Amino acid sequence: MEFLKMQGLGNDFVVVDAYRQELPEDLGSLAQKVCHRQFGIGADGLVLVLPSEKAAVKMRIFNADGSEPEMCGNGIRCLAKYVYESGLCPRTEFTVETLAGVLRPELMLEKGRITGVKVDMGEPRLSPDRIPVLFAGDKVVGQPLEVQGEKYVVTAVSMGNPHCLIFVDDVSQTPVKSLGPLIEVHPLFPAKINVEFVEIVNKKEVKMRVWERGAGETLACGTGACATVVACALNGKTDREITVHLLGGDLILEWAPNNHVFMTGPAEAVFEGRYFI
Ligand SMILES: N[C@@H](CCC[C@H](N)C(=O)O)C(=O)O
């Protein structure tokens, strides 16, 4: 199987063109194998590029544990760069079908070189049944969550995939690796959840660390950064246009007046190769 290894802010993916080659049926177990950092290629996820009936291309993403999430923000920027550079779609703006709906990336070019990708990530979903979370009320903003006897204050947002956000004083001192997995599988989150720990720097900047459902702590999460701007604005912590500083670098986020969230950041190819199935 031919692949391209890509990364967006250190959130890394094995990108496979499923237009031009046939893949095994069990894609979850393929993802587990290729993502393994010792026995495989090593990645946080497997991104498949497929033909679509309702958009220019279709993206499927699998976490390193083999589960299939609805969306991936860093993954869609990588896919957009791949689709353009491989000639699958020669336009700088096109549509991508995902399990979270049809989204629209736009490549930013300078002297013919891609310098970044801006994606219209659509509207955040806030009602508990759409996230899904088992909380009462019409949205979950600043609600208490008890985890092993400790109380946390959480905000829940779906960007197609579910996110639980917690404001902290200092992300560098936050026990992401021990608390993240407990919240990921908390009984109030029936589809499990991605967990973002957010430190407010000022009205325009935050720091965020993420524990990803199905992948563990990663260097960045695009959908998590989108959920962050929404949670920050809903809690009155920041403006609706912010820079999110992640372990792997920065993303620019805007929760626009039309209710869509726009994410801008880099996407890079690292190497290509052949994986023996
Ligand atoms: N890293 C991604 C999100 C990947 C999916 C996530 N782990 C989930 O299960 O929802 C991003 O950049 O958005």
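Predicted model: local features only at pLDDT ≥ 70, side-chain atom pairs only at ≥ 80, totals over all residues.
An unreviewed UniProt entry lists Cys72 and Cys221 under "active site". The two positions are spread over 150 residues of sequence. In space they cluster, with a largest C-alpha distance of 7.7 Å.

Cys72 lies in the loop between strand S4 (57-63) and helix H2 (73-85). Its C-beta atom has 31 others within 10 Å. The cut-off for a buried residue is 20 or more, so Cys72 counts as buried. Leaving aside neighbours within four places in sequence, Cys72 is in contact with Gly45, Ile61, Gly222 and Thr223.

Cys221 occupies the loop between strand S13 (216-218) and helix H4 (222-234). Cys221 is likewise buried, because 35 other C-beta atoms fall within 10 Å.

The ligand is surrounded by 19 residues. Pro69, Asn74, Asn161, Gly222 and Thr223 are the closest. Helices H2 and H4 are the elements that give two or more residues to this shell. By residue class, the shell divides into 4 nonpolar, 13 polar and 2 charged. Both domains take part: at least three shell residues come from domain 1 (2-119 + 265-274), and at least three from domain 2 (128-259).

Some residues link the cysteines to the ligand shell. Gly222 and Thr223 are in contact with Cys72 and are among the residues closest to the ligand.

Technical notes. Residues numbered from 1 in each chain as written. UniProt positions renumbered as here; feature names shortened; annotations may be inferred. Helix = DSSP H or I, 4+ residues; strand = E, 2+ residues; numbered from the N terminus. Buried ≥ 20, exposed ≤ 12 C-beta atoms within 10 Å, placed from the backbone. Contact = placed C-beta atoms within 7 Å. Near = placed C-beta within 6 Å. Nonpolar A, V, L, I, M, F, W, Y, C, P; charged D, E, K, R; others polar. Domains from an automatic or database assignment.
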